[in-house]
Each structure stands twice: as structure tokens, then as C-alpha cells.
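Please keep the sequence and the model in view while reading.

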Amino acid sequence: PDMEFFVTPDDEYLIWGNGVNENLKFNGTIWTNLSMPRPIAPTFAADSAGTLPAGTYNYYVSFVRTVAGTIVQESELSPVGTHSIAGVQTINLIVPVCTETLLPGVTAQCNGRVIYRNNGAGDIVRITDGVTIADNVTTAYADNTAPTDLSEVFADFDLVTPPKSKVFEASGNRLVIVDAANPTDIYASQANRPWVILQSSIEILDGPTRCLKRVFNALMIGTDRSIWGNDGDFATTESRRISSAVGILWLFMLFNV
């Protein structure tokens, strides 16, 4: 359809449409999927000779969209695929491909896959720094990567069991939410990736969060005990308390001085 919008400099808009395909977004020229499905767990073929030490390995897969080789969108992680080897081996994975049901004129999102594995410290990290398989066709991947050679990119997001939110706001090109079950905790997405909630971005404040309000480029966070401010860079996971004498009791901004 033909659409016309009038916006102000401080407004942010997302246009989406639902029909036979759900979660479509429109960039002014084409429709694409807003999100990609969750992959199934990777499976395994017979091991072969290699240098991976004996042990149990946990693998996860994500679907990604890349532009000029750079990952710009990533699905949630697959369920874990666990494989054990008794001696030095190469682990041969069977990697799922992304199946997208597309309407005519809608562009497929997935053009690569990323494989994650546990490192020696028990963290889940990418096997490679960027995309692991740069297509959506190949299903075989031979992992012989020593723990010291793994990427340092952590699987620091969790969309498998996302927290329920009761308050949310956009700030610094991030989506910020309050955990409904633990209202002292707030989470922020990666910059420009509002569909991803990071475990590492958690902020634990001094009381239940009652409201979030963006003021210019800063985010004001009102708890029932004080007011906090964050400049939008949740990569530092550091909000600053502005006042401990003012607490916000309700979402209607009733102050208790």
C-alpha cells in the first residue's frame, strides 16, 4: 500500500504488517521478516580424527542476517546439542538451516549461521569471531577448534526464556525493560538491536522500578526509593543515582519527598 507519515525529529517509528506471514517490517522499499525462527538443536555425525581433547561439548546454533559480512541480526539460540568424545577427535556437526515461508516480494532474512560452544571456563562463546557458516545451505561443519582459539564473543543474550516486562522504554537506540518478576532489575538490548535482551546488561537498583522515562538522550529510572539516570550506554552496566530523597510510588509520577 501507499503510505505517508509526518514525523518529528524526536520520534521513532517501526512499520510492520501481518498477514499470511507474521512479523514483517517495511524499510520504505521492501518488506522483510522482523525476526527469524529459533533453530532446532544441532545433531552430530560420526567423529573423525582430530585434536579436540576428551570431554563433553555443548553446542548452540543461531540464524543470522549479514550485510557485507557483518552480522546485523541474529535469532535466539537453539536448544543445546551435547556431544562427548573419549579421546582426541574432530566433532562433526549437522547444522540446521533456516526455513522461512515468504510472501512474493518479501526478502529472506537468514544468510548465515553462527555456532556457539562451551570454552574451558564453562562460558558459551562463538566458535568464530563472526559468522561461522556464511550461507543457509551447508549443513556439515567439522569442529576441531582448540579452546584457546575460540572467539571471545559470548552468548550474552537470552531469548530462550526472556523475562516478562511490566515497563519498557527506548533509550540510546536500545530497548530497556523492567523485569516483572524482579522489579529491581532492568535489562537493555544491544544498541540498534531491540529484539535482543542481554544477560550482561542487567542493572540491579535500590528498589522496585516504577517507571522509565527518556529525557533527550538520557533515561530516567524511577524506583520507589530514588531516581537514577543512565546516558543510554548500558554497555557499562552503570546507572547513576541522582537523588535518594525522591521516590516514585506510582506510574502517575506521584512523588514521595
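In what follows, a contact means heavy atoms within 4.5 Å. This is a predicted model, in which local features need pLDDT of at least 70 and side-chain atom pairs count only at pLDDT 80 or more, while totals for chains, interfaces and linings use all residues. Residues are numbered from 1 along each chain as its sequence is written, and side-chain values use heavy atoms, with hydrogens and water left out.

Q: Which residues does Asp-143 touch, not counting residues up to four places away in sequence?
A: Asp-143 is found in strand β13 (residues 140–143); strands (E, at least two residues) and helices (H or I, at least four) are DSSP runs, numbered from the N terminus. With residues up to four places away in sequence set aside, the residues touched by Asp-143 are Leu-52, Tyr-59, Thr-90, Ile-91, Leu-93, Arg-117 and Ile-127.

Q: Is Asp-143 buried or exposed?
A: Buried means under 20% relative accessible area, exposed over 50%, and partly exposed in between (1.4 Å probe, protein chains only). The relative accessible area of Asp-143 is 0%, so this residue counts as buried.

Q: With which side chain does the side chain of Asp-143 make a polar contact?
A: A polar contact is a pair of N or O atoms within 3.5 Å; within protein, one must be able to donate a hydrogen and the other to accept it, and residues adjacent in sequence count only if both atoms are side-chain atoms. The side chain of Asp-143 reaches the backbone nitrogen of Thr-145 at 3.1 Å. The side-chain partner, at 2.5 Å, is Tyr-59.

Q: Which residue of β13 stands opposite Asn-92?
A: Two strands pair if DSSP finds at least two bridges between them. β9 and β13 pair in the antiparallel sense over four bridges. In β13, the residue opposite Asn-92 is Ala-142.

Q: What is the bridge partner of Ala-49 in β9?
A: Strand β9 (residues 89–94) also pairs in the antiparallel sense with strand β4 (residues 43–44), over two bridges, and there Phe-44 has Leu-93 as its bridge partner. Strand β5 (residues 48–52) joins β9 in the antiparallel sense over three bridges. For Ala-49, the partner in β9 is Gln-89.

Q: Why is one side of β19 and of β22 left without a neighbour in the sheet?
A: The open sheet has four strands in the order β19-β20-β21-β22, with antiparallel pairing. β19 (209–215) and β22 (240–243) stand at the edges, so one side of each has no neighbour in the sheet, because each has a single partner strand.

Q: How many residues apart are Arg-126 and Glu-74, which link distant parts of the chain?
A: A salt bridge is a side-chain nitrogen of Lys or Arg within 4 Å of a carboxyl oxygen of Asp or Glu. Arg-126 forms one with Glu-74, the closest N and O atoms being 3.5 Å apart. Arg-126 lies in strand β12 (residues 124–126) and Glu-74 in strand β7 (residues 70–74), and their separation in the chain is 52 residues.

Q: With which side chain does Arg-241 meet in a salt bridge?
A: Arg-241 is partly exposed, with a relative accessible area of 48%. The N to O distance in its salt bridge is 3.5 Å, and the partner is Asp-206.

Q: How far apart are the closest N and O atoms of Arg-240 and Asp-231?
A: Arg-240, at 36% relative accessibility, counts as partly exposed. Asp-231 is likewise partly exposed, at 46%. They form a salt bridge, and the closest N and O atoms are apart by 3.9 Å.

Q: How far apart in space are Arg-174 and Ala-191, C-alpha to C-alpha?
A: Arg-174 has its place in strand β15 (residues 174–179) and, at 12% relative accessibility, counts as buried. Arg-174 and Ala-191 are 17 residues apart in sequence, and their C-alpha to C-alpha distance is 5.0 Å.

Q: How many strands does the secondary structure of the chain come to?
A: Of the 257 residues of the chain, 39% count as buried. The secondary structure comes to zero helices, and the number of strands is 24.

Q: What pLDDT does the chain average?
A: pLDDT is the predictor's confidence in each residue, from 0 to 100. A score of at least 70 is reached by 70% of the residues, and the chain average is 79.
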